[in-house]
Amino acid sequence: MPGLKSRITKRTVDAATIPSDGETWLWDTGLKGFFLRIYASGRKVYAVKCRVGGRQRIHTIGVHGSPWTPDEARKSAVEALRRASKGEDPNEEKKAARKALTVADLIDRYLADGPETKPAKRASTWQIDAANLNRHVRPLLGCKVANVVTKADAARAVRDIAVGKTATDQKTGPRGRARVTGGEGTARRTRTTAAAMFAWGGEYGLVSGNPFAAVKLASAPVRERFLTKEEAGNLLDAISDLQAEAACSGTFADALRLLLLTGARKTEILGLRWSEIDNARKLLILPPGRTKAGGNTGERRIPLSAPALEILTRRRAKAEEAWHDEAGGESHTCEFVFPAGRGQGHATGLWRAFVTVCTKAKLSGLRIHDLRHSFASFAIADGASLFLIGKLLGHASARTTERYAHLSSDPLQDAVNKIGDRIIGDNRGAAIAAR
C-alpha cells in the first residue's frame, strides 16, 4: 500500500495524522520494509514487509506503546528481516507462540504488563481483577490454550462461578483468610474482567479472539436503599451509643459519620490523608489515583459541611496530641486520618462495625454504599439538581447520576398542580373535593 515516508521516531509516530476511515501506512526511510499502520480508530501498529520464499509477507510487530517503542519495534523488524533472508517466516514463530499460550499464561502477562498499558486504571482495581482471574478463571480454564477457548467454554466457566464451583476458604497469612464464595455478582464481575483481558491480549497479538465478550448475563439487580431522615438519625444515635459503650472505636464511628455527611466512597474516606484536607476552602482534594472517577479526569474535590469539618478538626487535635512523644520530647505523625489499629496503613474492617451499628439502630438491608445513596437522596429532597448531585458524588458520567432521577419531583406534575391551583383556587378545590 502506498503511504507516507519519514524516519519513524516517537515524534513522527505521535504526530502521525489519523485517517478519517480505513488506514494509512508510514514507511520508514532508514530501514527498508519497516512501517507503521495508522488506523481510523487511532490505533498505531508497527509492522515489517519482507519476502519469504519468493512471496511477500507482512509481519505484525505490535501496537505502539509499552513495550513497543519505535526503537524496540525497529530491532524486531531487523530480526524479522534477518530471518526472512534465511527463508524463515517470522510469522510462524508468532503463530506457534499464540497456539501454545495458555489462559494461565495470559493471566500472568495481563497482570504483569497490563498496568503499564492502562495508566488510568487504579492499583486497587488491578488487585480486584487479579483476585477474580486467579481465584475463578485460573482454576477453571488455566490449563487450556487461550486461542482454543470457545464461547461455550467461557459461558460454562461463568455459570460454574455463579453456582459456586470455585468457592474456597484458604489461609492468606497468620491472621487472614480468603473466603471465596462465587455467586451471580462475582460471575458478572469475572466475565467483565476476563473479557477485558482477552481484548488486551488481542490488541497485543497474544490471542486471536475474545470468547468472553459474547457471553450474555442477566443484568445485575438494582440494590439501592435510601435512609429516611428518621433512620439517619437512628443510625447516628446508634454510632454515638456504641462509641460511648466502647463497642465501636472512634475511628470507625467517625468514618461512618463522614460517609453519611460527604457521600464519599468507603475507600476515599478510609484512605484519607491529612494532606488531602483543605480546611481553608472546606474541601477534601483527592488525587486521580485515589478515586474511582480519577484517571485522566483530574483530582476529585469533596465539599465539607460544618459537621464534617468539625469531625476532621477534632480528629486532628486528638492525633496531634497522640503524636507527641512526652518521654523524648519529640513528635511524629501518621499520614492517615483513620490509621490502622496495628501496623502501617489505614484502617480496615469497617464492615463489622457497620453491621453492629445497623443491628443497634434496627436497620435491615443496609449496605455501607447505601450511605452514599442516602446522601444523594437528602440532597435531592433539598432541591439539588441531578447535575449538582453528579458533582457532589464525583460521577464521571451523567448517566451514573440518572439513577436518582426518580427521587426528584416531576416537573410536569409540579406544573400541572400549579395550573390547577390557579384555575380552581384553594376554596373551590375544597368544595369540589367535598362533592
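Which way do Leu283, Leu284, Ile285 and Leu286 point from E9, and are they buried or exposed? In this predicted model, Leu283 and Ile285 point one way from the strand while Leu284 and Leu286 point the other way, and all are buried.

Strand E9, which spans residues 283–286, belongs to an open sheet of three strands in the order E8-E9-E10, with antiparallel pairing. Strand E8 (277–278) and strand E10 (300–303) are the edge strands, each of which pairs on one side only. Strands of a sheet pair through backbone hydrogen bonds, in either a parallel or an antiparallel arrangement. Between E8 and E9, the antiparallel pairing runs over two bridges, with Leu283 of E9 as the bridge partner of Asp278. The hairpin formed by E8 and E9 has four residues between the strands, and Lys282 takes a positive phi there, near 55 degrees. Towards E10, strand E9 pairs in the antiparallel sense over four bridges; Leu286 has Arg300 as its bridge partner in E10, and Leu284 stands opposite Ile302 of that strand.

Among the helical elements, helix H7 (residues 184–203) comprises 20 residues and reaches 29 Å from its first C-alpha to its last, close to the 28 Å expected at 1.5 Å a residue. Its buried residues include Thr186, Arg188, Arg191, Met197, Phe198 and Trp200, and the buried residues of H7 pack against helix H4 (103–117), helix H5 (123–141) and helix H6 (151–162). H7 is followed by Gly205, for which phi is positive, near 75 degrees.

Note on methods: Residues are numbered from 1 along each chain as its sequence is written. This is a predicted model: local features need pLDDT of at least 70, side-chain atom pairs count only at pLDDT 80 or more; totals for chains, interfaces and linings use all residues. Side-chain values use heavy atoms; hydrogens and water are left out. Two strands pair if DSSP finds at least two bridges between them. The expected span of a helix is 1.5 Å times one less than its number of residues. Buried means under 20% relative accessible area, exposed over 50%, partly exposed in between (1.4 Å probe, protein chains only). Contact means heavy atoms within 4.5 Å.
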